[in-house]
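User: Please take me through this structure by question and answer.

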Amino acid sequence: MVISTPHPYTQNPFGTTISADDICNTLSFFDSWEDRYQYIIDLGKELPPIDDSYKDEEHIVRGCQSQVWIDSVYSEGTLWFQADSDAFIVKGLLGVVLAAYNGKAPGDILSFDIEEYFNNLGLMGHLSQTRGNGLRAMVKKIISVAQLTD
Amino acid sequence: MPVRNIFDIDTVRRDFPILHQEVNGQPLVYLDSGATTQKPQCVIDAIVDYYSSYNANVHRAAHSLSEKATARFERAREKLAHFINSTSPREVLWTRGTTEAINLVASSWGSENLKSGDKILVSALEHHSNIVPWQLVAQQKGAEVVPIDVTENGDIDLDALDTLLGEQVKMVAVSHVSNALGTVNPVQEIVQRAHYYGAKVLIDGAQAVSHFPVDVQSLDCDFYAFSGHKLFGPTGIGVLWGRENLLEAMPPYQSGGEMIETVRFSGTTFNELPYKFEAGTPDIAGAIGLAAAIDYLNRFDRQEVAAHETQVLHYAIAKGEELSGIKRVGTAKQVAGVYSFLLEGAHPADLGTLLDQQGIAIRTGHHCAQPLMERYGISGTARASFAMYNSVEDVDRLFKALAKAKQFLL
């Protein structure tokens, strides 16, 4: 969908007021897993919920442990994603992903190294296939959307 | 006379080297034995010994190493036959695991014995691997897979079974123990009722064999399937036990070397049981490793081991009742090995992550039993599953970690 007026998705704090660098900086301050995961859970609370009408077959990314829904819009050369999950930590991790991708040109999305990003955050385990939390599948979906619009 | 070891949890734990490590900076508490059990050192040693001193292909060569490998491989089959009280090792087929064993029966027995209008009953508790193979063969044959409902407690509804049974029912496929809830099903009773109508019975014993002794003769079932890796053995090896007359009448499942008697372009004749069903080079190391696991279990009085496991499981159930917000899923009359639960207001996946940070390994999700989850109107559960090496201290660590996770999520 191509739009010309500001869309609510472009108001997502992730990718606007919360950047990937912000998340990297904040996480690097924490020593304990308790602080790190409290922060991720808190990030999830900032994630705007996806409209219930998008919680359908077309927008679902299935994991065997939790589910993720994702929708996207293309606006003035940039892509914006709205994502949601039924699990708190996964929601926070979606925020971490969207902070890196939201408001970026498709080409920038394709050249971004998500593995390195998660590695630097010490969250690589969550991107692994074994977690089955839908996060990896969601990243794949974002990349395929970027490929289609690039 | 073999001397039995007295069951002592500290000694047993020392036999499993993997348990003695830190995960995420905390001593590991492994509560995912329902997914796969850990291996005692003797199993690891048996595999290393096979590859380092007598690795050779079985049943083929005219040399001493092959003779030794073949002898050990066939001795492993005899041990497994004895383990489930089979009348003959000819009834013990090696498979890759429970999944392949069920696929073998569904495909081979199903292709000869199912026709349009026939019914296959499976319980609503089943793992996908005891549902989907039946759906595939049913589709091919125009037969139907019909679920047997479970009660709110998580017991198979025997009245529902009686209603469904009839002469169109050709197969009843049920688990001995539910992987998602731990329900111990009254399989002997189910066999009796199914046989009355002439139906065959396959029992998925994947979650049963490590917890209590299984006797296929007294169960009177027709097929019994289980995996080595859930029985302290290696991955990639499993067993299908079947009644000799049924196996004799069944066509081969896969074809290739080993399973043939003579091959001519005009026609091929097949090897005798059990080789008819064992095409290609088998998992020799797996069979030898699994036999070592059986030897390990047989060091103990299995009733003593079962009593220890029951104590640990019931301790977990009692602890769950003390921690507010914890809701046990499935309260069947008899349970083994599994404590499935929810923390009200929290997603199981989040619990799994926060427990992992505290060194506790559990499984979360639908446990490959989506129809069962649907029956309860939930997307999944958190599951702590136990084996002989788990202690009450493990349960204490679990609940301490759960209390902490609760602070984060609620």
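**Reading the predicted model**

Analyst: Chain A holds 7 helices and 4 strands, where helices (H or I, at least four residues) and strands (E, at least two) are DSSP runs numbered from the N terminus. The model is predicted, so local features need pLDDT of at least 70 and side-chain atom pairs count only at pLDDT 80 or more, while totals for chains, interfaces and linings use all residues. Residues are numbered from 1 along each chain as its sequence is written, chains are lettered from A and ligands numbered from 1 in the order in which they are written, and side-chain values use heavy atoms, with hydrogens and water left out.

User: In what order do the elements of chain A run from the N terminus on?

Analyst: Chain A contains 7 helices and 4 strands. From the N terminus, their order is β-α-α-β-β-β-α-α-α-α-α.

User: What percentage of the residues in chain A is buried?

Analyst: Buried means under 20% relative accessible area, exposed over 50%, and partly exposed in between (1.4 Å probe, protein chains only). Of the 150 residues in chain A, the buried share is 48%.

User: Is Glu76(A) buried or exposed?

Analyst: Glu76(A) sits in the loop between strand S3 (67–75) and strand S4 (78–85) of chain A. Its phi is positive, near 45 degrees, although the residue is not glycine. Most residues other than glycine have a negative phi. With a relative accessibility of 72%, Glu76(A) counts as exposed.

User: How far does helix H3 of chain B reach from its first C-alpha to its last?

Analyst: Helix H3 covers residues 64–83 of chain B, 20 residues in total. The expected span of a helix is 1.5 Å times one less than its number of residues. H3(B) comes close to the expected 28 Å, with a reach of 28 Å.

User: Which residue with a positive phi follows H3(B)?

Analyst: The buried residues of H3(B) include Phe73(B), Leu80(B) and Phe83(B). The buried residues of this helix pack against several elements of chain B, among them helix H2 (41–54) and helix H11 (302–322). After H3(B) comes a residue with phi near 55 degrees, Asn85(B).

User: How many of the 9 residues of helix H12 of chain B are buried?

Analyst: Helix H12 spans residues 348–356 of chain B, and it is largely enclosed by the rest of the structure. Its buried residues include Pro348(B), Leu351(B) and Leu355(B).

User: How far apart in space are Gly242(B) and Cys221(B)?

Analyst: Gly242(B) lies in strand S10 of chain B and is buried, because its relative accessibility is 0%. Beyond its neighbours within four places in sequence, Gly242(B) is in contact (heavy atoms within 4.5 Å) with Glu91(B), Asp222(B), Phe223(B) and Leu247(B). Gly242(B) and Cys221(B) are 21 residues apart in sequence, and their C-alpha to C-alpha distance is 8.5 Å.
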